[in-house]
Amino acid sequence: MNVTDLYLLGHRLQRLAESAVPTDGIGEHPTSTGTVLVVAADLRDHPRTTVTEIARRTGLAQSQVSNCVARLRGAGAVTTEPDPRDGRRTLLSPPAEPSDRMKVVQEAPLGPALAAATTDPVEALALLERLSSLLR
């Protein structure tokens with residue numbers, strides 16, 4: 001496997017994950033599910049952060065991050081507070097407890113998406129779990 005193969009595998013895995021995320025009732029949004037998940041992961045790893053800082057760390061445009069934060073806010077997946085050092089800034093953090101929407105996404109079964117993407121979903125899931133444990 002070379003770097004190109006690894007990149008393409010990552011891209012396929014991202015699409016697979018996006019297809020597994022339940023979208024019932026969330027309506028149309030200008031941001032992709034994958035982009036929202038990237039911002040949510042950054043929030044988890046860097047609580048008390050700003051839109052500008054997330055954009056810098058993720059390489060996403062500030063407008064994309066703002067749209068993602070709006071989506072996450074609507075799902076109860078982000079809390080806000082004024083920055084005590086600069087009242088013009090808003091600090092973003094994940095909530096102490098996952099919202100109902102976050103629980104739905106976290107508990108979404110991967111099986112149906114794997115079944116649509118591979119001939120052996122059980123083996124694919126086992127390989128993904130093994131890969132995940134190796135990359136931590």
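The legends below describe close-up views of a predicted model.

Figure 1. Serine 93 is found in strand β2, whereas arginine 48 has its place in the loop between α2 and α3. With a relative accessible area of 9%, serine 93 is buried, because the limit for a buried residue is under 20%. Arginine 48, at 44% relative accessibility, counts as partly exposed, and its phi is near 60 degrees, a positive value in a residue other than glycine. Not counting residues up to four places away in sequence, serine 93 touches Leu43, Pro47, Arg48, Val78 and Thr79.

**Figure 2. Valine 78 in the loop between α4 and β1.** Valine 78, whose place is in the loop between α4 and β1, has a relative accessible area of 8% and is therefore buried. When residues up to four places away in sequence are not counted, valine 78 touches Leu43, Val69, Leu72, Arg73, Leu92, Ser93 and Pro95. Serine 93, one of these residues, is 15 residues from valine 78 in sequence, with a C-alpha to C-alpha separation of 5.6 Å in space.

**Figure 3. The hairpin formed by β1 and β2.** Strand β1, residues 79-83, and strand β2, residues 86-93, run antiparallel and are joined by five bridges. The two strands form a hairpin, with two residues between them. Aspartate 83 has aspartate 86 of β2 as its bridge partner, while proline 82 has threonine 90 of β2 as its bridge partner. Serine 93, the subject of Figure 1, is also found in β2.

**Figure 4. The largest nonpolar core.** This core has 14 residues, and those with the most contacts inside it are Val39, Leu43, Ile54, Val65, Val69, Leu72 and Leu92. At least two residues of the core are supplied by each of α2 (33-45), α3 (51-58) and α4 (62-74), and α4 gives the most, with four residues. In soluble globular proteins, nonpolar side chains tend to be buried together. Leucine 72 touches Val36, Val39, Ala40, Leu43, Ala77 and Val78, not counting residues up to four places away in sequence. A second, separate core of five residues includes Leu16, Ala113, Leu114 and Ala124.

**Figure 5. Helix α2 and its buried residues.** Helix α2 has 13 residues and reaches 18 Å from its first C-alpha to its last, close to the 18 Å expected at 1.5 Å a residue. The buried residues of this helix are Thr33, Gly34, Thr35, Val36, Val39, Asp42 and Leu43, and they pack against α1 (3-20), α3, α4 and β2. Two of the residues in that list, Val39 and Leu43, are also among those with the most contacts inside the largest nonpolar core. Aspartate 45, which lies in helix α2, counts as partly exposed at 48% relative accessibility. Aspartate 45 and proline 94 are 49 residues apart in sequence, and their C-alpha atoms are 9.3 Å apart in space.

**Figure 6. The whole protein, as context for the close-up views.** The protein has seven helices and two strands, and from the N terminus on its elements run α-α-α-α-β-β-α-α-α. Its C-alpha atoms fill a box of roughly 55 × 35 × 25 Å, taken along the principal axes. Of the 136 residues of the protein, 25% count as buried. The accessible surface comes to about 9,200 Å², of which 55% belongs to carbon and sulfur atoms. Among contacts between residues at least 6 apart in sequence, 50% join residues at least 24 apart.

Conventions:
Residues numbered from 1 in each chain as written. Predicted model: local features only at pLDDT ≥ 70, side-chain atom pairs only at ≥ 80, totals over all residues. Heavy atoms only, no water. Pairing = 2+ DSSP bridges. Core = buried A, V, L, I, M, F, W, Y, C linked by side-chain atoms within 4.5 Å. Buried < 20%, exposed > 50% of the residue type's maximum accessible area, 1.4 Å probe, protein only. Contact = heavy atoms within 4.5 Å. Areas by Shrake-Rupley, 256 points an atom, 1.4 Å probe, with all protein chains shown as cover. Expected span 1.5 Å × (residues − 1).
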